[in-house]
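Hi,

Here is the structure I promised to pass on. Have a look at it first, and then read my notes below.

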Amino acid sequence: MRYIHVMAAVIRDAQNRILIAKRPEDAHQGGLWEFPGGKLEDGEERADGLRRELQEELGIRVTQARPLLDIRHDYPDKSVRLDVWLVTGFEGQAHGAEGQPVRWVSAAELDDYDFPAANAPIVRAAQLPEVYLITPDVTDEAELFSGLERARGMGVRLVQLRQSRLSAETYRDLAQRVLARFGDDFQWLLKGDEQPVLPGAGWHLTSRQLRQMWLQDFGPDASGQTGEARPKGRLLAASCHDAEELAMAAEVAVDFVTLSPVMPTATHPDAVPLGWELAQELIRTVSMPVYVLGGVGPETRARAFAVGAQGVAGIRRFWG
Ligand SMILES: Nc1nc2c([nH]c(=O)n2[C@H]2C[C@H](O)[C@@H](COP(=O)(O)OP(=O)(O)OP(=O)(O)O)O2)c(=O)[nH]1
Ligand SMILES: [Mg+2]
């Protein structure tokens, strides 16, 4: 299959707004909103293609950009590779230089616009932060609360409330108290076998739970249809460790995954780490945001971006 290589940009301004543009009615996927960009030319470097397209379409000069998400999508009439970069620095006033309507919107408002089918994971990547905190097992609640306060102070926004040693009931009670206290300060992912206790909280599946969900939806006895539609704003994530689990996560259409262990960790000394090279290869096989996990820290962010990851996930080293 030949994929048309398209450079597209999630452009973020100082107020964290994102620029979207409307595709001409007569274009492929016409009339829908898009992230500005266009086809890479033969022999052109990716960064150069991105700069050229944004100059042509918006009249801006890009000064700071990095890869955000690289995905493939098969439309009935063509297949595209969307090579999406995050642009955080540019000169000039962005405007619809080809007469197209453009709009600056908040990350949350992206949900209210109609994009081409390929764009769902791009919208997710634009909304998700660079760091995903997984709470360590703590012995008392005060430690959990003060850790979350520190994390909030450090700018953490996405948190999985893990607490692996609690009974389902104790966990639910704890989750209720944590969400009552920190509710909107973080985007929450609760354990995958728990009902969400507050609106807005999503689920993070273990690889086992992911497999169960996959079997239900796609296994030998399944209809091949995904289960009930998930409510908006409720994230579904999953833990993956290899190509097979990533493929299941893609079919179940989770919002994002963690991939681990990328590097050796003190907590799992016997697990064989994937290493950065294999992590990169695995990330290339899926079209969704991937957080690398295991032995990575806030300081390995640049490395994570370079292998195509959304960012870094972790427990202790993110706990302040
Ligand atoms: N730029 C952009 N293209 C997208 C997005 N989502 C999506 O499916 N596409 C598809 C639609 C098109 O088939 C292809 C991009 O082609 P394009 O029409 O923007 O290419 P271009 O700017 O070089 O335009 P042209 O000179 O060929 O008219 O990728 C998106 O968010 N942004
Ligand atoms: Mg274009």
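Glutamine 29 counts as partly exposed because 17 C-beta neighbours sit inside 10 Å. The cut-offs work like this: a residue is buried if 20 or more other C-beta atoms lie within 10 Å of its own, exposed if 12 or fewer, and partly exposed in between, with C-beta atoms placed from the backbone. You'll find glutamine 29 in the loop between strand E2 (18-22) and E3. Its phi is near 60°, a positive value in a residue other than glycine. Glutamine 163 also has a positive phi, near 45°. That residue is in the loop between strand E9 (158-160) and helix H4 (168-182), and it is partly exposed because it has 18 C-beta neighbours inside 10 Å. The H and E labels are DSSP runs numbered from the N terminus: helices (H or I) have at least four residues, strands (E) at least two.

Before you go further, keep in mind that this is a predicted model: local features need pLDDT of at least 70, side-chain atom pairs count only at pLDDT 80 or more, and totals for chains, interfaces and linings use all residues. Residues are numbered from 1 along each chain as its sequence is written, while chains are lettered from A and ligands numbered from 1 in the order in which they are written.

Now for the ligand. Which residues come nearest to ligand 1? Of the 15 residues around it, these are Glu34, Gly37, Gly38, Lys39 and Pro116 (near means that the C-beta atom, placed from the backbone, lies within 6 Å). Strands E1 (4-11), E4 (37-39) and E6 (79-91) each give at least two residues to this shell, and E4 has the largest share, with three. By class, the shell has eight nonpolar, five polar and two charged residues. Here Ala, Val, Leu, Ile, Met, Phe, Trp, Tyr, Cys and Pro count as nonpolar, Asp, Glu, Lys and Arg as charged, and the others, Gly among them, as polar.

An unreviewed entry puts a "binding site" feature at Gly37 and Glu57. These are spread over 21 residues of sequence, yet they cluster in space, with a largest C-alpha distance of 7.4 Å. Such positions are given in the numbering used here, feature names are shortened, and annotations may be inferred rather than shown by experiment.

Let's take that pair one by one. Glycine 37 belongs to strand E4 and counts as buried because it has 25 C-beta neighbours inside 10 Å. Leaving aside neighbours within four places in sequence, glycine 37 is in contact with Val6, Met7, Ala8, Ala9, Leu50 and Glu53 (contact means C-beta atoms, placed from the backbone, within 7 Å). Glutamate 57 is part of helix H1 (residues 46-58), and it counts as buried because of its 21 C-beta neighbours inside 10 Å. Not counting residues up to four places away in sequence, glutamate 57 touches Ala21, Pro36, Gly38, Ala97 and Glu98.

The unreviewed entry in UniProt also lists Arg23, His28, Glu34, Phe35, Pro36, Gly37 and Asn119 for "binding site". They are spread over 97 residues of sequence but cluster in space, the largest C-alpha distance being 14.0 Å. One of them, glutamate 34, lies in strand E3 (residues 33-34). Is glutamate 34 buried or exposed? It counts as buried, because 23 C-beta neighbours are inside 10 Å. Asparagine 119, in the loop between strand E7 (102-105) and helix H2 (120-127), is buried as well, with 25 other C-beta atoms within 10 Å.

Next, zoom out. The domain assignment, which is an automatic or database one, gives domain 1 (4-118) and domain 2 (131-318). Their centres, taken over C-alpha atoms, are 28 Å apart. Eight residues of domain 1 are in contact with five residues of domain 2. On the domain 1 side, three of the touching residues are nonpolar, one is polar and four are charged.

One last thing to look up in the viewer: the peptide bond from serine 260 to proline 261 is cis, with omega near -10°. Proline 261 is in the loop between strand E13 (256-259) and helix H7 (275-284).

Cheers

Terms used. Two residues are in contact if their C-beta atoms, placed from the backbone, lie within 7 Å.
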